[in-house]
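The sequence and the model are shown first, and the description follows.

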Amino acid sequence: MVQFTTISEILDAVEEQGIDFAKFRFSDTSGMFNEIDVPASLLESAFTKGLPFDNSAGGTFKPTGSDLMLKPDPRTFTIMEKDEGDKFGSVICELTFLDGQPFDGCVRTALKLFVRKIFQSGYTFTVSSSISFYLLDCETVSSLMSPSVKSSQKLLFDSKTLDQVEKIKKDILASLKQAEIDIISMRQTRLDGPITVTFKEGSVLRVADNIMILKSLIIGAARNRGLRASFMPLPLSEADGLSANFGFILMKNEFNEFYHPDQDMMISDKARGFIGGIFKHIRGICVVTNPTVNSYKRIVQKRKAPYYISWSAIDRNSLIRLPSPRGRSTKIEVQNADSSCNPYLSLLALLSAGISGMDENLVPIPAANFETHDYSESEKQSLSAGTLPDTLFEAIESFKGDALLKEAFGEAVSLTLIQKESAEWNEYIGLVHLWELEKYL
């Protein structure tokens, strides 16, 4: 995105381009933006002093008092265009108390402070990422929500919808270019399949911001064309699930610390420790990388999504994969997250677990460097360090018992997360579903 270095540069750009308002955006634990529109006449004050708002009106954060402040990050300010050609400003904010002190329930601040600690220790992480989504017409959405829908139903699109999908993809690409967010590709392998956007590598915080911005762009572009964007991990049992992958490169003094030319697979002890740390904490991590009840319909045996805790340079269904380039490009790719995840909390959880594994000199189980799709479930189990949670409830309980993750998130975020996820699980488990009626009534 465009890099503004001063507030005066932002105000000058707003005046020159006739911007009427800016969207002040912030994330709660859900992983979607909350937005407050601020008129151009109030931008100078909002950027200089912050923007007070009454948090009691909604949201998941429950600080001691309801009043908080939005503190915009000028480096994230960009000018975007609506479908009618009108332009508006967009800026990502952090949450503070009214006195300017950081609010401990702000997920972006939690990630930023953790990344700062890494940098102060002499290391820098670069992250690659991708995220998938569906574009659905209203008729398909209504059909999916019908009580008579069958699990074997497939996603079908007529020529009109497919034409709109192509237009939306072009709209998204144009918006990404305008925001100066670099991507490697936007691909859709089948007409009824998900669309996947792969970002160029970047800094941890920038990648999280870009994913949040992309989600917002996708939702807006779909709405403008009369379709609905969905990040639901598995909308139908016969559909492809929606993934969100994260790849990590650890640099120090221009050298990739995950690379070692003389060790097995050409990876270092730090790389093995990073993998071991993620394995150790992955069941608790799932509460943020796979945060919905539906997430665990995607993570089951015999699907493409990872289910067993394993790693490989070859098997594309492993939890952790090592893509083939080595040297400066040596990367550890984590593949279990889905598109409903909160990127701030997901990256914070994965980094804190991986770094703890490096500090503890953990050694993961041997890599399964072969395709395992033809192996039996018992054979896959023997090649793994266990399985991911089967339900959101299991992930919640694992997170509750994980002191490292709760310390990394902080008490406020951890408590809010547990309350939110527990409420979703309790709501789900208390309902009678169509499958039960068909099977037992």
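K380 is located in helix α10 (residues 377-382); helices here are DSSP runs of H or I with at least four residues, numbered from the N terminus. This residue, K380, is buried, with a relative accessible area of 16%, where buried means under 20%, exposed over 50% and partly exposed in between, with a 1.4 Å probe and protein chains only. Leaving aside neighbours within four places in sequence, K380 contacts Y308, T372, H373 and Y375, a contact being heavy atoms within 4.5 Å. The C-alpha atoms of K380 and I309 are 9.6 Å apart, although 71 residues separate them along the chain.

The model is a predicted one, in which local features need pLDDT of at least 70 and side-chain atom pairs count only at pLDDT 80 or more, while totals for chains, interfaces and linings use all residues. Residues are numbered from 1 along each chain as its sequence is written, and side-chain values use heavy atoms, with hydrogens and water left out.

The largest nonpolar core contains 93 residues, and F125, L135 and F248 have the most contacts inside it. Such a core is a set of buried Ala, Val, Leu, Ile, Met, Phe, Trp, Tyr and Cys residues joined through side-chain atoms within 4.5 Å. Helix α6 (residues 204-224) supplies the largest share of this core, twelve residues. Apart from this core lies another, of 23 residues, including F24, L43, F53 and F103.

Aromatic pairs number 17 in the structure; rings of Phe, Tyr and Trp (its six-membered ring) pair if their centres lie within 6.5 Å, and planes under 30 degrees apart count as stacked, over 60 as edge-to-face and the rest as tilted. F97 and F103 form an edge-to-face pair, with 5.3 Å centre to centre and 80° between the planes. Within this pair, F97 is partly exposed at 29% relative accessibility, whereas F103 is buried at 4%. One aromatic cluster is formed by F125, F248, F258 and F274.

| Lysine | Ring | Distance from ring centre |
|---|---|---|
| K215 | F231 | 5.4 Å |
| K252 | Y123 | 4.7 Å |

Helix α3 (residues 107-120) has buried residues that include V107, L111, F114 and I118. After α3 comes G122, whose phi is positive, near 100°.

Methods
Helices (H or I, at least four residues) and strands (E, at least two) are DSSP runs, numbered from the N terminus. A charge sits over a ring if NZ of Lys or CZ of Arg is within 6 Å of the ring centre and within 35 degrees of the ring normal.
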